[in-house]
Amino acid sequence: MTNGSDDADRIFIRSKWGTNRYVYNPHNPVGRALIVGSLLFVVVGLYLLHHPGLLSSTDDWDGSELRSAVTGATTELSREAEFGPGTITFEDILQAAITRHGDSSQAALTVSLTSESPESALVDGGAEQADYTVTADGTDTAFCLNVYAMKRKMAMGYDFVSIHVDDGACPTS
């Protein structure tokens with residue numbers, strides 16, 4: 001058995017928890033660095049495990065991935081009914097929701113308003129309606145989102161939001 005004065009010089013020491021295993025020595029600077037490095041390695045590994053898109057080398061979307069992401073995002077936004085086409089940054093909200101449901105880059109995704117800008121029904125209530133075209137780099141696939149929302153006067157959120165998805169770009173008006 002080693003005494004306490006020898007432990008400060010060693011990088012690995014025998015565990016004092018009743019096993020004969022060797023562990024990093026927290027009293028040695030190299031042992032401390034190995035402890036911190038091991039913990040950082042595990043944290044980074046877990047982060048990359050839950051965010052696999054960070055390691056992908058391409059930002060391009062494919063058609064089936066874009067279709068799946070658009071469908072998932074429109075279902076989510078319709079169910080939540082928190083934002084509607086009269087919201088100032090609705091294009092950004094659509095783009096973020098579609099990116100969340102896909103595995104490719106938000107920078108390669110384009111959501112553009114193709115109808116007249118909808119008037120907000122925040123104060124007076126009523127209907128808001130707009131058309132948005134969704135395209136992405138890497139695919140010729142495009143989708144037309146027809147967004148219709150109903151809001152009560154001075155209410156938070158919307159009574160309902162309906163998003164109808166059609167294949168192809170929206171006709172410009």
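Visitor: What makes Asp159 partly exposed?
Guide: Its relative accessible area is 36%. Buried means under 20% relative accessible area, exposed over 50%, and partly exposed in between, with a 1.4 Å probe and protein chains only. The value of 36% falls in between, so Asp159 is partly exposed. This is a predicted model, where local features need pLDDT of at least 70, side-chain atom pairs count only at pLDDT 80 or more, and totals for chains, interfaces and linings use all residues. Residues are numbered from 1 along each chain as its sequence is written, and side-chain values use heavy atoms, leaving out hydrogens and water.

Visitor: Why is the pair Asp159 and Arg152 called a salt bridge?
Guide: The closest N and O atoms of Asp159 and Arg152 are 2.8 Å apart. A salt bridge needs a side-chain nitrogen of Lys or Arg within 4 Å of a carboxyl oxygen of Asp or Glu. The pair meets that cut-off, so the name applies. Arg152 is exposed, at 54%.

Visitor: How many salt bridges does a search of the whole structure find?
Guide: Three. One of them joins the side chains of Arg67 and Asp167, at 3.1 Å from N to O. This pair links distant parts of the chain: Arg67 is in helix H3 (residues 63–80) and Asp167 in strand E6, 100 residues apart. Helices (H or I, at least four residues) and strands (E, at least two) are DSSP runs, numbered from the N terminus.

Visitor: Are Arg67 and Asp167 buried, partly exposed or exposed?
Guide: Arg67 has a relative accessible area of 39%, so it is partly exposed. Asp167 stands at 56%, so it counts as exposed.

Visitor: Which residues does Asp167 touch?
Guide: Asp167 touches Arg67, Ala142 and Phe143, not counting residues up to four places away in sequence. Contact means heavy atoms within 4.5 Å.

Visitor: What does the salt bridge between Arg100 and Glu76 tie together?
Guide: The closest N and O atoms of Arg100 and Glu76 are 2.7 Å apart. Arg100 lies in helix H4 (residues 90–101) and Glu76 in helix H3, so the pair ties together parts 24 residues apart in sequence. Arg100 is exposed at 54%, whereas Glu76 is buried at 12%.

Visitor: Why is the pair Cys144 and Cys170 called a disulfide?
Guide: The sulfur atoms of Cys144 and Cys170 are 1.9 Å apart. A disulfide is a pair of cysteine sulfur atoms within 2.5 Å. The distance passes, so the pair qualifies. The structure holds one disulfide.

Visitor: What makes the disulfide of Cys144 and Cys170 right-handed?
Guide: The torsion about its S-S bond is about 105°, so the disulfide is right-handed. Cys144 sits in strand E5 (residues 142–151) and Cys170 in the segment after strand E6 (160–167), 26 residues apart. Cys144 is buried at 5%. Cys170 is buried at 7%.

Visitor: What caps the N-terminal end of H2?
Guide: Asn28 does, with a side-chain oxygen 2.8 Å from the backbone nitrogen of Val30.

Visitor: What is the phi of Ala81?
Guide: Phi of Ala81 is near 50°, a positive value in a residue other than glycine. Most residues other than glycine have a negative phi. Ala81 lies in the loop between H3 and H4. At 10%, Ala81 counts as buried.

Terms used
A polar contact is a pair of N or O atoms within 3.5 Å; within protein, one must be able to donate a hydrogen and the other to accept it, and residues adjacent in sequence count only if both atoms are side-chain atoms.
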